[in-house]
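Hi,

Here is the model I promised to pass on. Have a look at it first, and then read on for what turned up.

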Amino acid sequence: MKGIVAFDSMYGNTKNVAEAMADEIRAQGHEVAIVNIGQTLKFDDDGDFILIGSPTRMKQMTFRTKRFVRKARKKYAGKPGAAFETTLRVPADPAERQKASKWIDNAAGDKIKAMAEEGGIKMYGEVLRAEVVGTYGPLMPHTLERSREFVRRFLDSLEAERP
Ligand SMILES: Cc1cc2nc3c(=O)[nH]c(=O)nc-3n(C[C@H](O)[C@H](O)[C@H](O)COP(=O)(O)O)c2cc1C
C-alpha cells in the first residue's frame, strides 16, 4: 500500500510526529509520501490511505489544514484515513484538567476527523493526541514511540478489513 502523511507545523513538533509516522509506515513495508501543508497543497491522489495532522491553535486546526482537508476529501473519499494533532499537555490533576479542558478537548484532531468524515473519508476511530511541554514544545517524552504505535494499530485495522 501507499500512504500519504500530511501535516502543518509552526514550531516543528507536528512535523516530528508526522515524520515518525511516515517512518513507521515505511518500516511496515509500505510506500509513503509526506506533504508539508505549509509549503504545498499538491499531493498524490494515488495513495491507499491518508493521515492528516495539525497543531491545535485556539482549539482549531490551522487554516491551511482546513483548506487541505477540503481538498483531500475530494481525492480520498471512500478511502481510509486518520487524524492526529499536537496539543498542550493534559494536566494530571483533575481540577487543572477541568480548567484546561476548553483548550484541549475536541481540538484539532477531532475536528479534522469530523470534517474528513463528513466528506466521505473512512476515518479511523482513534485520533492521535501528541502533547507538547509548554506552548511551543518540545514533545512530551515517548510521543514518537506512541505515534509509531498508533500507526501500527491503524495499519492493523486496514488489514483486518481486507477481504
Ligand atoms: C497562538 C497559539 C494558540 C494555541 N492554542 C492552543 C489551544 O487552543 N489548545 C492547545 O491544546 N494548544 C494550543 N497551543 C499550543 C500548540 O498546540 C502547540 O504550540 C503546537 O502543538 C506546536 O505544534 P507545532 O510545533 O507543530 O507548531 C497554541 C499555541 C499557540 C502559539
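Which residues point one way from β3, and which the other way? Phe-49, Leu-51, Gly-53 and Pro-55 go to one side, while Ile-50, Ile-52 and Ser-54 go to the other, and all of them are buried. Before going further, please keep in mind that this is a predicted model.

So much for the sides of β3; now its surroundings. Strand β1 (residues 2–7) is joined to β3 by 5 bridges, and the two run parallel.

Strand β6 is mostly covered, with 4 of its 5 residues buried.

Val-132 has 21 C-beta neighbours inside 10 Å, and the cut-off for buried is 20 or more, so Val-132 counts as buried. Leaving out residues up to four places away in sequence, Val-132 touches Asn-13, Thr-86, Leu-88, Arg-89, Gly-137, Pro-138, Leu-139 and Met-140. Asn-13 is 119 residues away from Val-132 along the chain, yet their C-alpha atoms are separated by 7.6 Å.

Then there is the ligand. It is surrounded by 22 residues, and the closest are Ser-9, Met-10, Tyr-11, Thr-14 and Thr-86. The elements that give two or more residues to this shell are α1 (13–27), β4 (80–88) and α3 (94–104). By type, the shell divides into 10 nonpolar, 9 polar and 3 charged residues.

Most residues other than glycine have a negative phi, and most peptide bonds are trans. Gly-137 and Pro-138 are joined by a cis peptide bond, with omega about 5 degrees. Pro-138 sits in the loop between β6 and α5 (143–161). His-142 is in the loop between β6 and α5 as well, and has a positive phi of about 70 degrees although it is not a glycine. His-142 is exposed, with 9 other C-beta atoms within 10 Å. Lys-59, in the loop between β3 and α2, also has a positive phi, near 70 degrees. With 15 C-beta neighbours inside 10 Å, Lys-59 counts as partly exposed.

Finally, the whole chain. It has 5 helices and 6 strands, in the order β-α-β-β-α-β-α-α-β-β-α along the sequence. A compact globule of 163 residues would have a radius of gyration near 15 Å, and the 15 Å of this chain agrees with that. The C-alpha trace spans about 45 × 30 × 30 Å along its principal axes. Buried residues make up 42% of the 163. Of the contacts between residues at least 6 apart in sequence, 75% join residues at least 24 apart.

Cheers

Conventions
Residues numbered from 1 in each chain as written. Predicted model: local features only at pLDDT ≥ 70, side-chain atom pairs only at ≥ 80, totals over all residues. Near = placed C-beta within 6 Å. Nonpolar A, V, L, I, M, F, W, Y, C, P; charged D, E, K, R; others polar. Buried ≥ 20, exposed ≤ 12 C-beta atoms within 10 Å, placed from the backbone. Pairing = 2+ DSSP bridges. Contact = placed C-beta atoms within 7 Å. Rg over C-alpha atoms; globule rule 2.2 N^0.38 Å.
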